[in-house]
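I keep these entries as I look things up, one topic at a time. The structure comes next.

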Amino acid sequence: MQISLQTYRPIILKFQSLIALLLLCITIGVLSDKFFTVANGWNVLRQISVNICISVGMTLVVLTAGIDLSVGSVLALSGAIAAGLLRNGIELPANNLYIGFTVFGAIVAGILTGSLLGWFNGWAITRFKLPPFVATLAMLTIARGLTMLWTEGFPITGLGDSFTFLGTGWFLGIPLPVWISGGIVLVTVLLMDQTRFGRYVYAIGGSESAARLSGVNINRIKIGVYTLAGALAAVGGLLVTSRLDSAQPNAGTSYELDSIAAVVIGGTSLSGGRGSILGTVQGAVIIGVLNNGLVLLNVSPFWQQVVKGIVILLAVIIDKSSAKGE
Amino acid sequence: MNQAFFPKKIPLFALIITLLIFGGCQKTSSENQPKQVAVIISTLNNPWFVVLAETAAAQAKSLGYEAKIFDSQNNTALETDHFENAIVSGFDAILFNPTDADGSVVNVLKAKEAGIPVFCMDREVNSSGAATSQILSDNYAGCVAIGKYFVQTIPKKPSGDAIKYVEILGLVGDNNTWNRSKGFHSVVDSYPAFKMVAQQSADFDRNKALEVVESILQAHPDIDGIFCGNDAMAMGAYQAVMAAGKTREIKVYGFDGALDVIESISNGKIMATGLQSPETMAKTAALYADDYFKGKRDFPQKMPVAVELVSQANIKDYSALIK
């Protein structure tokens with residue numbers, strides 16, 4: 001018994017969130033015969049694709065021992081900028097000029113918006129040595145306020161079929177948002193495993209002073225990480241906007257909590273240096289399956305929140321005890 | 001020595017000068033300037049409340065008063081700050097949309113103590129006599145009307161099977177959520193043929209409603225109707241129904257009177273909504289403040305503002321709204 005536990009322990013540790021996910025799926029599957037259907041599977045994957053976009057960026061930030069609370073607001077502003085430009089373009093009455101935007105142009109503008117806000121987060125954190133919690137908390141309200149200013153508090157709707165295709169379309173039998181989030185995961189995994197940038201991100205989270213002494217340009221890496229997080233939040237914003245055919249001024253409220261939950265459930269340590277993108281993806285799937293399953297089983301909305309909180313708590317407790325064992 | 005000298009003195013000078021300016025200003029304002037009206041709004045995060053706030057401010061201005069909008073951001077603590085600021089800076093009346101029926105009572109009482117009348121709009125505070133008057137939309141009665149239209153418009157099944165429907169609730173901690181739900185159920189529950197197969201919350205949010213209804217449609221692909229506690233959720237629910245290709249089988253009903261839903265009703269996509277007019281409530285509140293300034297003191301404690309049913313049957317009367 002002792003020997004078999006010793007042999008299997010590393011494997012159990014490595015796949016703990018996968019095992020948890022499997023158990024969750026089996027439980028819901030037994031309770032509802034509607035869970036294991038192809039249509040429901042695509043449903044869950046499409047619903048979590050926004051959270052995956054945000055959470056991948058959040059993982060990078062958390063790996064450097066930082067946090068980004070502004071992702072929900074950045075998502076809203078990027079989506080609103082893209083929708084506004086697509087719908088109304090820019091009018092410059094002073095120069096008697098009107099600039100219209102194509103779908104592609106609006107998408108680029110949205111992603112640029114997110115990158116710029118993310119870059120600003122990174123710049124403020126490295127330049128003024130602000131705690132990431134504070135700097136991104138400030139950005140959370142700044143970006144939300146800018147969204148209100150840009151939209152004047154009203155949703156921007158009627159964005160056209162080619163833009164809504166992004167969030168509602170299918171390609172080769174798979175929903176487009178799933179392609180997009182899957183592509184983002186693939187590229188980021190390669191970035192983290194195969195490039196110097198990825199190794200530096202882990203190194204900074206492990207020990208910032210050690211990384212500095214070995215000549216890593218910490219500020220540049222950090223700014224890069226926050227810029228990427230902003231850009232990925234913007235992609236999430238474009239997906240939400242396009243799915244709803246509408247940029248809502250209050251879109252993405254409290255999304256930062258869902259994405260931090262995904263990161264934590266996926267086994268990434270909030271103190272940095274330890275964790276992985278694929279772990280976060282599993283965390284996001286667990287949250288998505290939980291959301292979907294609780295509705296399928298018609299669990300009361302009051303209990304749903306309690307259950308989600310308990311799952312997050314359990315995930316962290318298990319993760320902590322396994323980290324001690326290592 | 002000099003360095004130690006300056007930082008001590010400068011703030012003192014600044015303080016004295018500020019006090020001088022501030023005191024001077026207040027004196028002239030009470031004598032010469034028009035009365036000031038504060039519009040304190042629970043949130044500007046939702047177009048409906050933006051209309052409420054802006055109409056109230058515009059109406060007060062057109063009556064010759066100064067008006068300023070404060071955004072409480074759904075945060076009762078921030079609302080307290082706004083009240084304290086409004087009292088200190090000498091506002092003469094407050095047009096108020098509370099963040100919380102119970103939590104906001106203290107704020108209203110504080111203004112009452114300071115002799116400033118408070119007129120509640122749309123949402124109430126749970127205390128009689130605290131506010132000068134409460135101008136409220138009648139959520140319960142509005143949803144009774146929706147419930148009646150609901151049972152009329154969903155046909156009985158020839159087979160005699162139960163009619164299955166779904167209710168999407170708003171924020172489960174909100175008074176309006178339950179007033180609407182109770183109004184709706186007070187009618188529909190007395191029809192045994194109607195069976196609610198799922199009741200879920202989507203927090204008044206379009207995206208959440210889309211996701212929740214997508215999941216519900218997996219569990220219950222054979223439902224006949226969806227009642228949503230507000231219009232944003234009705235739009236989200238309709239998108240889920242459309243994506244599932246079931247717009248013929250499933251009828252969607254909302255509440256609020258949002259413009260995109262009224263447009264959807266005229267296109268035959270959504271069945272009905274309750275139009276609560278933020279303009280009517282805001283204008284009434286501003287007119288009450290005007291009466292108060294002119295000496296009137298006896299106001300009705302609660303002034304219900306009717307919710308109009310906008311449906312497939314009467315949408316023609318509302319086509320001017322979506323122009």
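My entries on records, salt bridges, rings and surface follow.

**Entry 1: what the records say.** I note at the outset that this is a predicted model. I looked up the UniProt annotations. An unreviewed entry gives "transmembrane region" for several stretches of chain A, including residues 69-86 and 98-120. I checked these two stretches in the model. Residues 69-86 of chain A are 89% helix and 0% strand, with end C-alpha atoms 28 Å apart. For residues 98-120 of chain A I find 78% helix and 9% strand, and 29 Å between the end C-alpha atoms.

For chain B, UniProt lists "domain: Periplasmic binding protein" at residues 37-296, also from an unreviewed entry. That span of chain B is 45% helix and 20% strand, and its end C-alpha atoms lie 17 Å apart.

Entry 2: I looked up A:Gly118 and found it in helix α5 of chain A, residues 103-127. A:Gly118 is buried, at a relative accessible area of 1%. From A:Gly118 to A:Trp170 I count 52 residues in sequence and 30 Å in space, C-alpha to C-alpha.

In chain B I looked up B:Ala101, which is in the loop between β3 (93-96) and α4 (105-113). B:Ala101 has 14% relative accessibility, so I list it as buried. B:Asn126 is 25 residues from B:Ala101 in sequence, yet their C-alpha atoms are 5.4 Å apart.

Entry 3: Side chains of opposite charge can pair when their charged atoms come close.

I looked at A:Arg46 and B:Glu214, whose side chains form a salt bridge at 3.3 Å, N to O. This pair joins two chains, because A:Arg46 is in helix α3 (residues 38-63) of chain A and B:Glu214 is in helix α7 (residues 206-219) of chain B. A:Arg46 is buried at 12% relative accessibility, and B:Glu214 is buried at 6%. A:Arg243 is linked with A:Arg46 and B:Glu214 in a network of salt bridges.

B:Arg206 is buried at 5% relative accessibility, whereas B:Asp260 is partly exposed at 22%.

In chain A, A:Lys34 bridges to A:Asp33, at 3.7 Å between the closest N and O atoms. A:Lys34 is partly exposed at 26%, and A:Asp33 is exposed at 62%.

**Entry 4: rings.** The whole structure has 24 aromatic pairs over all chains. One of them, A:Trp123 with A:Phe128, is edge-to-face, at 5.3 Å centre to centre and 85° between the planes. The rings of B:Tyr292 and B:Phe299 are stacked, because their planes are at 25°, with centres 6.5 Å apart. I find both B:Tyr292 and B:Phe299 buried. B:Arg297 lies over the face of B:Tyr292, 3.7 Å from the ring centre. The charged end of B:Lys35 sits over the ring of B:Phe293, at 5.6 Å from its centre.

I also noted a cluster linked by ring pairs in chain B, whose members include B:Tyr149, B:Phe184 and B:Tyr253.

**Entry 5: surface.** I looked up a nonpolar surface patch of about 490 Å², made by A:Trp303, A:Val306, A:Ile310, A:Leu314 and A:Ile318. A:Ile318 is in helix α14 (residues 301-325) of chain A. A:Ile318 is partly exposed, at 45% relative accessibility.

Definitions and conventions: Residues are numbered from 1 along each chain as its sequence is written. Chains are lettered from A and ligands numbered from 1 in the order in which they are written. This is a predicted model: local features need pLDDT of at least 70, side-chain atom pairs count only at pLDDT 80 or more; totals for chains, interfaces and linings use all residues. Side-chain values use heavy atoms; hydrogens and water are left out. Patches are made of residues with over 30% relative accessible area and no salt bridge: like charges are joined within 9 Å, nonpolar side chains (Val, Leu, Ile, Met, Phe, Trp, Tyr) within 5 Å. Accessible areas come from the Shrake-Rupley method with a 1.4 Å probe; for residues, only the protein chains shown count as cover. A salt bridge is a side-chain nitrogen of Lys or Arg within 4 Å of a carboxyl oxygen of Asp or Glu. Helices (H or I, at least four residues) and strands (E, at least two) are DSSP runs, numbered from the N terminus. Buried means under 20% relative accessible area, exposed over 50%, partly exposed in between (1.4 Å probe, protein chains only). Rings of Phe, Tyr and Trp (its six-membered ring) pair if their centres lie within 6.5 Å; planes under 30 degrees apart count as stacked, over 60 as edge-to-face and the rest as tilted. A charge sits over a ring if NZ of Lys or CZ of Arg is within 6 Å of the ring centre and within 35 degrees of the ring normal. UniProt positions are given in the numbering used here, feature names are shortened, and annotations may be inferred rather than shown by experiment.
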